[in-house]
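Please read this report with the structure open beside the text, and look for each named part as it comes up.

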Amino acid sequence: ALAISKSISISIAPNPVKGQLNIILEKKSISKENVQKSKIIFRLTKVGDLQPIRQWTYNIIQSNYSMNLSNLKQGIYNLQMIIGNEQESKQIVVVE
C-alpha cells in the first residue's frame, strides 16, 4: 500500500491491469469532518506525456474506487493521486 499522507494509504490492483482497475483507500486517524471535506483526485498520464489522459475527482467518503481502463492502449501509465496538497503516484501497466 502507498501512503499518500499520514492518515491515508492506497492499494491498487490488479497491476498489470486489463479492463477494471480497483483502488482501495485505507483511512487511518482521520476525523469524520476532514473526510467529508476532502476530495481525492486521480490523474492518469501516459509515461512520457505531460498532458493527463483522464482525471477523476471523488469525495473521499467512500473507500473503494473502480476505473474502467479497457479502452486504453497497452503501455505504462502514471496514476497520480492528490488529496489536498499531498500527492503520490504509481505506475500502472495496461495490457490488452
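This is a predicted model: local features need pLDDT of at least 70, side-chain atom pairs count only at pLDDT 80 or more; totals for chains, interfaces and linings use all residues.

A sheet of 4 strands is open, with the order 5-4-7-8 and antiparallel pairing. Strand 5 (54-59) and strand 8 (86-94) are at its edges, and because each has a single partner strand, one side of each is left without a neighbour in the sheet. From one strand to the next, the twist averages 20°. Within this sheet, strand 4 (residues 39-46) runs antiparallel to strand 5 and is joined to it by 6 bridges, and Phe 42 has Trp 56 of strand 5 opposite it.

Another antiparallel pairing, that of strand 2 (residues 8-13) with strand 3 (residues 20-27), has 6 bridges, and here Ala 13 has Asn 22 in strand 3 as its bridge partner. The hairpin of these two strands has 6 residues between the strands, and in it Gly 19 takes a positive phi near 105°.

**Aromatic rings**

The structure holds 3 aromatic pairs. In one of them, the rings of Tyr 58 and Tyr 65 have centres 4.8 Å apart and planes at 45°, so this pair is tilted. The table gives the exposure of the two tyrosines of the tilted pair.

| Residue | Relative accessible area | Class |
|---|---|---|
| Tyr 58 | 22% | partly exposed |
| Tyr 65 | 2% | buried |

A ring can also have a charged residue over its face: Lys 46 lies over the face of Tyr 77, at 5.0 Å from the ring centre.

Conventions
Residues are numbered from 1 along each chain as its sequence is written. Side-chain values use heavy atoms; hydrogens and water are left out. Two strands pair if DSSP finds at least two bridges between them. Rings of Phe, Tyr and Trp (its six-membered ring) pair if their centres lie within 6.5 Å; planes under 30 degrees apart count as stacked, over 60 as edge-to-face and the rest as tilted. Buried means under 20% relative accessible area, exposed over 50%, partly exposed in between (1.4 Å probe, protein chains only). A charge sits over a ring if NZ of Lys or CZ of Arg is within 6 Å of the ring centre and within 35 degrees of the ring normal. Axes are lines fitted to C-alpha atoms, for helices over the stretch in contact, and angles run from 0 to 180 degrees between N-to-C directions.
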